[in-house]
Amino acid sequence: MARSSDKAQKQPKEPGRLKQMWQVFQMTRRYDPNAMWIMALGFALPVLAGVAVALIISRDNVFGIVMWILAGVLAGLLIALVILGRRAERAAYKQIEGQAGAVGAVLRSSLRRSWRGSEMPVAVNPRSQDAVYRAVGRGGVVLIGEGPRTRTQRMLDDEKRKVQRILPNVPVTFMVVGPDEDSVPLHRVAAKMARIKPVLTKPEVMAVSNRLTSLTSASPVAIPKGIDPMRMRPQRPR
């Protein structure tokens, strides 16, 4: 009886790798119809290239023809999976774009190793839910405003003054993710941060991050956490 009750209490197994990939593909296709055609093109080009090379180089060698075609198929599968990962991440961020905590999802799941950021904001407007997030990396300090620029600019300036008060020689960069035309799209935040010119060494990044931790005084209001793009599940049809 005890064993049967233990089995009943066991949680259902998570879907396998292939099933997860299929669910990610279904979600991506629903929110990005062009993804399927781009993946098909990414798969077809290496296969065609493999066939062409096989006919040119190994025309009289059956083994060589098979190997070149197989290499093209494997390369096509790899490129298609890379495209799926990129488009799935973009589709996932597109679903939460404009919601409170969206920037935190990017800082949690998409930052490069040279950057340190938190999914919790350093400043929040309780009424509008506009927020400012902070990341530290070899490019210095990046302050990211979440909301319209007219409402977040003052918050960004206040946070910059706090940073420069204790770290006057560290450059501070602004980004705004919001409805403005010149704002940074949510899925481009990590890529734009990666292009900032390095000015700090790795030990300096650690030291700056530790110094800035002391700036966090009162806990901000609750902000919905972001999502992991690769764990998205397609919505069931109604």
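This is a predicted model: local features need pLDDT of at least 70, side-chain atom pairs count only at pLDDT 80 or more; totals for chains, interfaces and linings use all residues.
## A first look at the strands and helices

In strand 5, V177 is the bridge partner of E146.

**Strands 4 and 5**

- Strand 4 (residues 140-146) and strand 5 (residues 172-177) run parallel, joined by six bridges.
- Together with helix 6 (residues 149-166), these two strands make a β-α-β unit, and this unit is right-handed.

**Helix 2 with helix 4**

- Helix 2 (residues 17-31) packs with helix 4 (residues 62-96) at an angle of about 60°, and their axes are 9 Å apart.
- Because of that angle, helix 2 counts as oblique to helix 4.
- The crossing of helix 2 past helix 4 is left-handed.
- On the helix 2 side, the contact is made by M21, V24, F25, M27, T28 and Y31, which meet L81, L84, R87, A88, A91, A92, K94 and Q95 of helix 4.
- Sorted by class, the residues of this contact are ten nonpolar, two polar and two charged.

**Helix 3 with helix 4**

- Helix 3 (residues 34-57) also packs with helix 4, at an angle of about 160° and with the axes 8 Å apart.
- That angle is over 145 degrees, so helix 3 is roughly antiparallel to helix 4.
- Helix 3 and helix 4 cross in a right-handed way.
- The contact of helix 3 with helix 4 holds 20 nonpolar residues, along with five polar and one charged.

Terms used. Residues are numbered from 1 along each chain as its sequence is written. Side-chain values use heavy atoms; hydrogens and water are left out. Axes are lines fitted to C-alpha atoms, for helices over the stretch in contact, and angles run from 0 to 180 degrees between N-to-C directions. Helices (H or I, at least four residues) and strands (E, at least two) are DSSP runs, numbered from the N terminus. Angles under 35 degrees count as roughly parallel, over 145 as roughly antiparallel, 65 to 115 as roughly perpendicular and the rest as oblique. A crossing is left-handed if the near helix is turned anticlockwise from the far one by less than a right angle, and right-handed if clockwise. Contact means heavy atoms within 4.5 Å. Ala, Val, Leu, Ile, Met, Phe, Trp, Tyr, Cys and Pro count as nonpolar, Asp, Glu, Lys and Arg as charged, and the others, Gly among them, as polar. Two strands pair if DSSP finds at least two bridges between them. A crossover is right-handed if, with the strands pointing away from the viewer, the path from the first strand over the helix to the second runs clockwise.
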